[in-house]
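Hello,

Here is the structure I promised to pass on. Please have a look at it first, and then read my notes below.

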Amino acid sequence: MRREIGTIICTGKSPCASEFEFVVTDTSSPIPVRKGQFVEVRSEEGIIIAQVTEVIKTNRYFMHADAVREFERGGFSISSIFPVDRWEYIIGRANTLAVLTKNGIERVTYPPSPGERVLLADEEVLPEFLGFDMSNGIEIGKLMYHDVPVKLDLTRLFQKHLAILSISGGGKSYTASVIIEELLDKADGLAPAVIVIDPHGEYVGFGEDENYASKTRVFDTNSIKIGASSLTPSQILEFLPQMTQVQRRDLEKLISDLRQERVEYGMDDIIQAVENSRIDERTKRAMIRWLDDLKRTGLIGNVDSPSLNELVRLGELSIIDLSQIIDLRKKQIIVAHLARKLFESRRLGKIPPFVLIVEEAHQFAPEGVERGKAISKNIIETIAREGRKFNASLVLISQRPIK
């Protein structure tokens, strides 16, 4: 039997269709109601589900500040003279969320009556009301103040995109890890491939966990390379936003010529092509400086590593461990390249559905920063806009959502 916790009362603005207040009558617990709990109450429409938004303690003996002050200044304690404990009571304030009718869940359009009993919400009804998938959902924890497992519908969760936001130490990475565990535990072929951009090495433990090691691959900076010959001229230029339009035009033509001559080439070959060109000497020197700067990152090789086949496998996890990299630009280049390769390949149907999890997302898609100063921002925005259509899901994690 569900616990009765109070009775609806009349105040200046409630009960109404959007909110009501109730006096707590339950004495079975020292804390009978909490902010955030779900409650239910009957109305002419059906059973209203509401959430407690505030809990207020009041006592008529302490309502008049001047009287309390005078008693205390006189050396008397009000509680020693009057039965104050008998007049302390608790008021709960709740916002209505929906009404359960014979036709299903509907919007509340009619208020409950004063004097109606307020009960804790039925824990068998809450999962359906909140849209949990109790049979096949991924479980991320328990509903606060209720003995109800939170099982999120896999399809609904990743049909759109997802953000995990909290202050530092608030459990963002833990929540993401629980979601990853649940995805890896799926044995019915429903789980997508999972790729994690891990700036601080927080997820590499999956590769050492006996339960998940066989489904996990960790790629550190030594195993990450961007194949120059696999990049289009525009993609290489994306890594060199400082170049002028003249330099970009000349370099694009040189790379296009190089792609026609060779199947495979590296940064040295591109620099050599610039050296041998008839480009204006001043322009040539500037281009070589930019290209040499890109070469010194150590990221550009002849072929891509890891390959798409290594990176994207249904029901398995790939971790891009960037914890050894300090330079933000270098991190952004890696993220930009991998994200673009994943999205383009998924758009063409070359790889299965995937979930791309980006930790410290404010580093890779910062608000209010020119795209040239955040190399990875453009492709992350593209996936956010268009990825859903191709089952390419994006999970952004940040303690600085304003950024």
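In these notes, buried means under 20% relative accessible area, exposed means over 50%, and partly exposed lies in between, with a 1.4 Å probe and protein chains only. Helices (H or I, at least four residues) and strands (E, at least two) are DSSP runs, numbered from the N terminus.

Some background before the findings. This is a predicted model, in which local features need pLDDT of at least 70 and side-chain atom pairs count only at pLDDT 80 or more, while totals for chains, interfaces and linings use all residues. Residues are numbered from 1 along each chain as its sequence is written, and side-chain values use heavy atoms, with hydrogens and water left out.

Let me start with strand 15. Five of the five residues of this strand (residues 317–321) are buried, so strand 15 is largely enclosed by the rest of the structure. Leu317, Ile319 and Asp321 point one way, Ser318 and Ile320 point the other way, and all are buried. In a regular strand the side chains alternate between the two faces of the sheet.

Next, helix 9. Its 16 residues (281–296) reach 22 Å from the first C-alpha to the last, close to the expected 22 Å; the expected span is 1.5 Å times one less than the number of residues. At the start of helix 9, a side-chain oxygen of Asp280 comes to within 3.2 Å of the backbone nitrogen of Arg282. After the helix comes Gly298, with a positive phi near 75 degrees.

Which residues of helix 9 are buried? They are Thr283, Lys284, Ala286, Met287, Ile288, Leu291 and Leu294. Among the elements that cover them are helix 7 (245–261), helix 8 (267–275), strand 14 (300–301) and helix 11 (328–347).

Finally, the cysteines. There are zero disulfides (cysteine sulfur pairs within 2.5 Å) in the structure. The sulfur of Cys10 lies 12 Å from the closest cysteine sulfur, in Cys16, which is too far for a bond. Cys10 is exposed, with a relative accessible area of 56%, whereas Cys16 is partly exposed at 22%.

Best wishes

Methods:
Contact = heavy atoms within 4.5 Å. Polar contact = N/O pair within 3.5 Å; in protein donor to acceptor, adjacent residues only side chain to side chain.
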